[in-house]
Amino acid sequence: GYTRTPQEGGWDEVTYYTTRKRLGNFVGEGNYYVYVLSNENMPGLLKIGYTKKHPEERAKQVSRSTGVAGKYKVEFALRCHDGIGLEYEVHKELDYCRVDSQKEHFQATLPEVKQKIEEIATRYTRNNL
């Protein structure tokens with residue numbers, strides 16, 4: 001299973017207990033985050049990605065890009081052991097609202113995206129292997 005602990009800043013800390021072979025035998029918080037960012041200059045769009053950095057650091061990094069108007073804000077983040085896999089599955093499930101197949105931006109609501117991330121994350125728990 002997993003435990004979810006709300007944190008300040010709009011993201012939750014999730015501790016997973018898994019024996020999934022491709023992930024190894026981990027117990028703990030994980031080294032990745034799957035995050036959701038918004039940008040006031042891109043209303044209705046959410047950026048979904050993964051990082052080993054703290055989501056606030058990642059938002060600052062993405063905001064510094066010369067092609068970005070305005071700053072990104074962390075709307076939600078979930079700590080996990082397999083950020084690459086979880087991000088891939090979320091992107092696949094939300095493909096219907098993806099703005100561009102080469103980008104990580106989706107035209108969706110925060111509750112919809114948050115629910116999808118949490119739903120998919122349950123596949124990474126001991127009870128579902």
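This short talk is about the salt bridges in the structure above. Keep in mind that the model is predicted.

Start with the general idea. Side chains of opposite charge can pair when their charged atoms come close. How many salt bridges does the count give here? The count comes to 5. I will walk through some of them.

Take Glu 75 and Lys 73. Their side chains meet in a salt bridge, with 4.0 Å from N to O. Are these residues buried or exposed? Lys 73 is exposed, at 51% relative accessible area. Glu 75 is partly exposed, at 21%.

Now go to Lys 116. Which residues does Lys 116 pair with? One partner is Glu 93, and the closest N and O atoms of that pair are 3.4 Å apart.

Another partner is Glu 119. Here too, the closest N and O atoms are 3.4 Å apart. Glu 119 and Lys 116 are both in helix α3, 3 residues apart, so about one helical turn separates them.

Glu 93, Lys 116 and Glu 119 are linked in a network of salt bridges.

What about accessibility in this network? Lys 116 counts as buried because its relative accessibility is 18%, and the cut-off for buried is under 20%. Glu 93 is partly exposed, at 33%. Glu 119 is partly exposed as well, at 35%.

Note on methods. Residues are numbered from 1 along each chain as its sequence is written. This is a predicted model: local features need pLDDT of at least 70, side-chain atom pairs count only at pLDDT 80 or more; totals for chains, interfaces and linings use all residues. Side-chain values use heavy atoms; hydrogens and water are left out. Buried means under 20% relative accessible area, exposed over 50%, partly exposed in between (1.4 Å probe, protein chains only). Helices (H or I, at least four residues) and strands (E, at least two) are DSSP runs, numbered from the N terminus.
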